[in-house]
Amino acid sequence: MENDLKSVLAECGFGFKKKFGQNFITDKNLLSCIVAQAGVESGDTVIEIGCGAGTLTRAIAERAKKVIAFEIDTSLQPVLSKTLAGVENAEVVFKDFLKVNLSELEKEIGEYSVVANLPYYVTTPLIMKLLEESKSCKSLTVMVQEEVALRLCAKENTPDYGAITAVIALRARAEIIKKVPRTMFMPRPNVDSAVVKLTVEDGRIAVNDKELYKKVVHTAFLSRRKTLENNLVNSFKITREQAQNLLTACNIDLKARGETLSPQAFASLADELKNIL
Ligand code: SAM
């Protein structure tokens, strides 16, 4: 398949663009494994972000009812008209997915899942857009850099645990479903990747004010070496005594650092903090 694709790309005069994070997958087994692990079924609508030369799009289309694939690079148009010829249930939309009005799109398509080999330079904004704006997205199965995958799925009190881990936990359960070596991509990137599945579970963390939760999380990781108490005092302009009372009310050690708090503990802290702000 790799050689077939290379000749189509050459025929169409296509040149890979680093600025768009273009690293394509051609291995059929890997492609069908991603779609199977995503749990795509015959009645499903799937959104793909960044369809590249359409290899993953085709694999999704083989299992799903419909795939709507967004692609920022219009120079892929001649390539896709060849590689997706005859694939009736795939629609390609040439648009930057970050600029897509998700609520408008959701009115048209109803419930859907996302399956994508994400462009590395916008992985986090794309995942956050979906988790923050979507109302009818069931899951996101996405190829990301291995380092990002470890961060998304980390447990508290580990070096990979960060603000993004705790923010994502608010709405989704994250698991690494497959590690993918750099040799599987064309052109070959400098790092390995992994496929992560984020399953949307609304209300998995009960918190009164989601925006305040996010602020507390970001505050906690502002300066990893400082205690949570110091970070709270500096960011929320509360007194040291108030910060200590907050931590005590949430059963959090006064010397604790942000990285030791579970998402549930961040939620309790945000709820207590809301009472005094
Ligand atoms: N899905 C293909 C595959 O697996 O071979 C291509 C994956 S490649 C890592 C990422 C693709 O996303 C590229 O084709 C790139 O042009 C496209 N892309 C980059 N930024 C985008 C954006 N903001 N919206 C939509 N597509 C984007």
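Start at the end of H10 and select Lys237, the residue that follows this helix; its phi is positive, near 50 degrees. The model is predicted. Lys237 is not a glycine, yet it carries that positive phi. Where does Lys237 sit? It lies in the loop between H10 and H11. Check its surface: Lys237 counts as exposed because its relative accessibility is 71%, and the cut-off for exposed is over 50%.

**Back along H10**

Now select the helix itself. Which residues of H10 are buried? They are Leu228, Glu229, Asn231, Leu232, Val233 and Phe236. An α-helix has 3.6 residues a turn, so residues three or four places apart point the same way. Next, show what covers the buried residues of H10: the cover includes H9, helix H11 (240-249) and helix H12 (263-276).

**H9 against H10**

Two packed helices are described by the angle between their axes and the distance between the axes. For helix H9 (residues 210-220) and helix H10 (residues 228-236), the axes come within 9 Å and cross at roughly 120 degrees. H9 and H10 are therefore oblique to each other. The crossing of H9 past H10 is right-handed. Select the contact residues: on H9 they are Leu212, Lys215, Val216, Thr219 and Ala220, and on H10 they are Leu228, Asn231, Leu232, Ser235 and Phe236. By type, this contact of H9 with H10 has six nonpolar residues, three polar and one charged.

**On past H11**

Move to the loop between H11 and H12 and pick Asn251. Here is another residue other than glycine with a positive phi, near 60 degrees. Is Asn251 buried or exposed? Asn251 is exposed, at 74% relative accessible area. Now select Cys250. Cys250 is buried, with a relative accessible area of 15%.

**The other cysteines**

How many disulfides does a search of the whole structure find? The count is zero. Go to Cys51 to see a case. Its sulfur is 13 Å from the closest cysteine sulfur, which belongs to Cys12, and that is too far for a bond. A disulfide would need the two sulfur atoms within 2.5 Å. Cys51 is buried, with a relative accessible area of 4%.

**H2 against H3**

Select helix H2 (residues 28-37) and helix H3 (residues 55-63). They pack at an angle of about 50 degrees, and their axes are 9 Å apart. That angle makes H2 oblique to H3. H2 and H3 cross in a right-handed sense. Which residues meet across this pair? From H2 come Lys28, Leu31, Ile34, Val35 and Ala36; from H3 come Thr55, Leu56, Ala59, Ile60, Glu62 and Arg63. The contact of H2 with H3 divides into seven nonpolar residues, one polar and three charged.

Jump to the loop between helix H6 (123-133) and strand E6 (137-145), where Ser134 is found. Ser134 is a loop residue, and it is buried, with a relative accessible area of 5%. What does Ser134 touch, leaving aside its neighbours within four places in sequence? Its contacts are Leu102, Glu106, Tyr112, Lys129 and Arg171. Draw a distance from Ser134 to Leu102: their C-alpha atoms are separated by 6.6 Å, though the two residues are 32 apart along the chain.

**A cis peptide**

Select Met186 and Pro187. The peptide bond joining them is cis, with omega about -10 degrees. Where is Pro187? Pro187 lies in the loop between strand E8 (185-186) and strand E9 (193-200).

**Zoom out**

Show the whole chain. There are 12 helices and nine strands. The C-alpha trace spans about 70 × 40 × 30 Å along its principal axes. Colour by burial: 51% of the 277 residues count as buried. Finally, display the contacts between residues at least 6 apart in sequence. Of these, 68% join residues at least 24 apart.

Notes:
Residues numbered from 1 in each chain as written. Predicted model: local features only at pLDDT ≥ 70, side-chain atom pairs only at ≥ 80, totals over all residues. Heavy atoms only, no water. Buried < 20%, exposed > 50% of the residue type's maximum accessible area, 1.4 Å probe, protein only. Axes fitted to C-alpha atoms, helices over the stretch in contact; angles between N-to-C directions. Helix = DSSP H or I, 4+ residues; strand = E, 2+ residues; numbered from the N terminus. Parallel < 35°, antiparallel > 145°, perpendicular 65-115°, else oblique. Left-handed = near helix turned anticlockwise from the far one by under 90°. Contact = heavy atoms within 4.5 Å. Nonpolar A, V, L, I, M, F, W, Y, C, P; charged D, E, K, R; others polar.
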